[in-house]
Amino acid sequence: MSIFDQMLSRYEIKTENDLKNASYEVMQEIALAGLYRGGFFEKASFYGGTCLRIFHGMERFSEDMDFSLLAPDPNFQLEKYFPDIKNEFNLSGKEITITKKDKTQFGQVQSAFLKDTTEVYDLKFQTEKSIKIKIEVDTNPPPNFETEQKLLLLPYSFMTRCFVLSDLFAGKMHALVFRKWKQRVKGRDWYDFEWYVRKGIKLNYNHLKERILQSEGVEISRDEFLKLLKERLSTADIEMVKNDVRRFLKNQNELEIWSNEYFLQLADRMKFK
């Protein structure tokens, strides 16, 4: 049995969707292992929903991998680490291809905050086109964030540098409020928001303020942000929100309580660092 299959055997797989979600996660962990071998985490940190899923046990699967440099570097090239990623997959029993994406073809639907300084790549199996991970690296990160080292045991024991939870929360709230999707909503943002509030995680508003300043060009107070948040929570089509996140969940019953009023009350329970 290959290392990949051994890692896959940890999951309870009953449906094709279960297999796809589990395969995504195994690929993500192997990619992290390759990046670690190449020294990537000396310069960069992991953040986003996939980080929450792998290192903090959030009960939803995730497709993409988001990274941020620790300090701005316009000359950074992720390609330097491709041989390490490919070698790690070879050791696990899989061959992959990594291709750079043309950002001019994205549109707002695929990436809401795609900056000129963000590099984007697709990592996929050569024989399984449906299994594809998008990797983004922000080479001009907003300041005022902290990181920590988190342990993974497979495919071998290694450390991954990650944003701390309060800064992960800040990044998620920036996405929830300021995603520039016109008629769509990303229910995964809403799921993560609920997770942070239920866990009692404090939001680092200083980092959130920097993210807003960088993306929107304005500095807003905490009260102004809360007003914008509640406008978004009260006006979104909640069924559309639910439908976006369903395929990433094993337990659909989690969505039964979801309503605009439910999320407004969650907003009132937010804690700030």
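Tutor: Let us begin with a loop. Pro155 is found in the loop between strand 6 (147-152) and strand 7 (158-163). Please keep in mind throughout that this is a predicted model.

Student: What is the form of the peptide bond from Leu154 to Pro155, cis or trans?

Tutor: One reads this from the omega angle. The bond that leads from Leu154 into Pro155 has omega near 5° and is cis.

Student: Is Asn144 buried, partly exposed or exposed?

Tutor: The relative accessible area decides this, and the middle class runs between 20% and 50%. Asn144 has a value of 42%, so it is partly exposed.

Student: How does a buried residue in a strand compare in its reading?

Tutor: One takes the accessibility and then the list of contacts. Asp122 belongs to strand 4 (residues 118-125). Its relative accessibility is 9%, and therefore Asp122 counts as buried. Leaving out residues up to four places away in sequence, Asp122 touches Thr97, Ile98, Thr99 and Lys101, as well as Lys132, Ile133 and Lys134.

Student: Where is Ser23, and which residues does it touch?

Tutor: Ser23 sits in helix 2 (residues 16-37). With a relative accessibility of 6%, Ser23 counts as buried. Its contacts, again without residues up to four places away in sequence, are Phe4, Leu8 and Ile131.

Student: Which residues of helix 4 are buried, and where do they lie around the helix axis?

Tutor: In helix 4 (residues 82-92), the buried residues are Phe82, Ile85, Glu88, Phe89 and Ser92. Viewed along the axis, these residues fall within an arc of 130°, so they line one face of helix 4. After helix 4 comes Gly93, which has a positive phi, near 100°.

Student: How do helix 2 and helix 4 lie relative to each other?

Tutor: One considers the approach of the axes and then the angle at which they cross. The axes of helix 2 and helix 4 come within 8 Å, and their crossing angle is roughly 125°. The two helices are therefore oblique to each other. The crossing of helix 2 with helix 4 is right-handed.

Student: Which residues make up that meeting of helix 2 and helix 4?

Tutor: From helix 2 come Met27, Ile30, Ala31, Ala33, Gly34, Leu35 and Arg37, and these meet Asp84, Ile85, Glu88, Phe89 and Ser92 in helix 4. Sorted by class, the residues of this contact are 7 nonpolar, 2 polar and 3 charged.

Student: At what angle do helix 7 and helix 11 cross?

Tutor: The axes of helix 7 (residues 187-199) and helix 11 (residues 260-268) cross at roughly 45° and come within 10 Å. Helix 7 is therefore oblique to helix 11. Helix 7 passes helix 11 in a left-handed crossing. Trp190, Phe193, Glu194, Val197 and Arg198 of helix 7 make this contact with Tyr262, Phe263, Leu266 and Ala267 of helix 11. The classes here are 7 nonpolar, no polar and 2 charged residues.

Student: How is helix 9 oriented to helix 11, roughly parallel or roughly antiparallel?

Tutor: The crossing angle is again the guide, and angles over 145 degrees count as roughly antiparallel. Helix 9 (residues 222-235) and helix 11 have axes that come within 8 Å and cross at roughly 160°. These two helices are therefore roughly antiparallel to each other. Their crossing is right-handed. The contact joins Leu229, Lys230, Leu233, Ser234 and Thr235 of helix 9 to Asn260, Phe263, Leu264, Ala267 and Asp268 of helix 11. By class, there are 5 nonpolar, 3 polar and 2 charged residues in this contact.

Key. Residues numbered from 1 in each chain as written. Predicted model: local features only at pLDDT ≥ 70, side-chain atom pairs only at ≥ 80, totals over all residues. Heavy atoms only, no water. Buried < 20%, exposed > 50% of the residue type's maximum accessible area, 1.4 Å probe, protein only. Helix = DSSP H or I, 4+ residues; strand = E, 2+ residues; numbered from the N terminus. Arc of directions from axis to C-beta. Contact = heavy atoms within 4.5 Å. Axes fitted to C-alpha atoms, helices over the stretch in contact; angles between N-to-C directions. Parallel < 35°, antiparallel > 145°, perpendicular 65-115°, else oblique. Left-handed = near helix turned anticlockwise from the far one by under 90°. Nonpolar A, V, L, I, M, F, W, Y, C, P; charged D, E, K, R; others polar.
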